[in-house]
Every structure is written in C-alpha cells, then in structure tokens.
Amino acid sequence: MLEGPIAPAAVAALPGWRRSRPRRSARAACGSTAVLKSGAPGQAPLKQAFAEGLDVTRFELKEPSLHDAFIALTEGARRP
C-alpha cells in the first residue's frame, strides 16, 4: 500500500503492480491500495517512487489474508 498525495495514474505506472485503486484515509489526502504481480519484488515500486520524487508518506507490504484472496477471486463474479 502506498499513501500520500499521489495520483493513482502515477502509482499505476510504478513497476510490479497488477492492479491499483484510489484510497482515502485519515492520514493521507490520497493514496492507493495496490496488489503486486506474483513474484514482483516489493522494494522496486518504492525505489521508483522515490526516484520520481513522489511524496510517499506510508508504504506497507503485507501478505494477503484468506479474506483478501476470497475477495480477489470472487470480485466481479456473477450472483444468482
């Protein structure tokens, strides 16, 4: 997860992201929650963000929970 006053398009352009979506929180005016591609190194997008001068206020890597995996797998699934 990246937080800070960063445009979602700038986050999507960083290496290794499979998908990204905008997010708002009490700590940051703008941010993104993103999922890395399988096997992508977590440090690559952070290094690139700093190289591009993006104002990253928070960066967090976490393994997806079973709930996260379920949501990702069923997102967009048709309901009866």
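Helices (DSSP runs of H or I, at least four residues) and strands (runs of E, at least two) are numbered here from the N terminus. This is a predicted model: local features need pLDDT of at least 70, side-chain atom pairs count only at pLDDT 80 or more, and totals for chains, interfaces and linings use all residues. Residues are numbered from 1 along each chain as its sequence is written, and side-chain values use heavy atoms, with hydrogens and water left out.

**Overall fold**

- The chain holds 3 helices and 4 strands.
- Read from the N terminus, the order of elements is β-α-β-β-α-β-α.
- Of the 80 residues in the chain, 24% are buried; buried means under 20% relative accessible area, exposed over 50%, and partly exposed in between (1.4 Å probe, protein chains only).
- The accessible surface of the chain is about 5700 Å² (Shrake-Rupley method, 1.4 Å probe; for residues, only the protein chains shown count as cover).
- Carbon and sulfur atoms account for 57% of that surface.
- Take the contacts (heavy atoms within 4.5 Å) between residues at least 6 apart in sequence: 51% of them join residues at least 24 apart.

**Helix H2**

- H2 spans residues 43–51, and its buried residues are Pro 45, Leu 46 and Ala 49.
- These residues lie on the same side of H2, because they cover an arc of only 100° around the axis (taken from the directions from the helix axis to the C-beta atoms).
- An α-helix has 3.6 residues a turn, so residues three or four places apart point the same way.
- Lys 47 and Ala 51 are exposed, on the face of H2 turned away from its buried side.

**Helix H3**

- Ala 72 belongs to helix H3, which covers residues 66–74.
- Ala 72 is partly exposed, at 33% relative accessibility.
- Ala 72 and Val 35 are 37 residues apart along the chain, and their C-alpha atoms are separated by 9.9 Å.

**Salt bridge**

- The whole structure contains 1 salt bridge (a side-chain nitrogen of Lys or Arg within 4 Å of a carboxyl oxygen of Asp or Glu).
- Glu 60 and Arg 58 form this pair through their side chains, at 2.6 Å from N to O.
- Glu 60 is partly exposed, with a relative accessible area of 28%.
- Arg 58 is also partly exposed, at 27%.
- Side chains of opposite charge can pair when their charged atoms come close.
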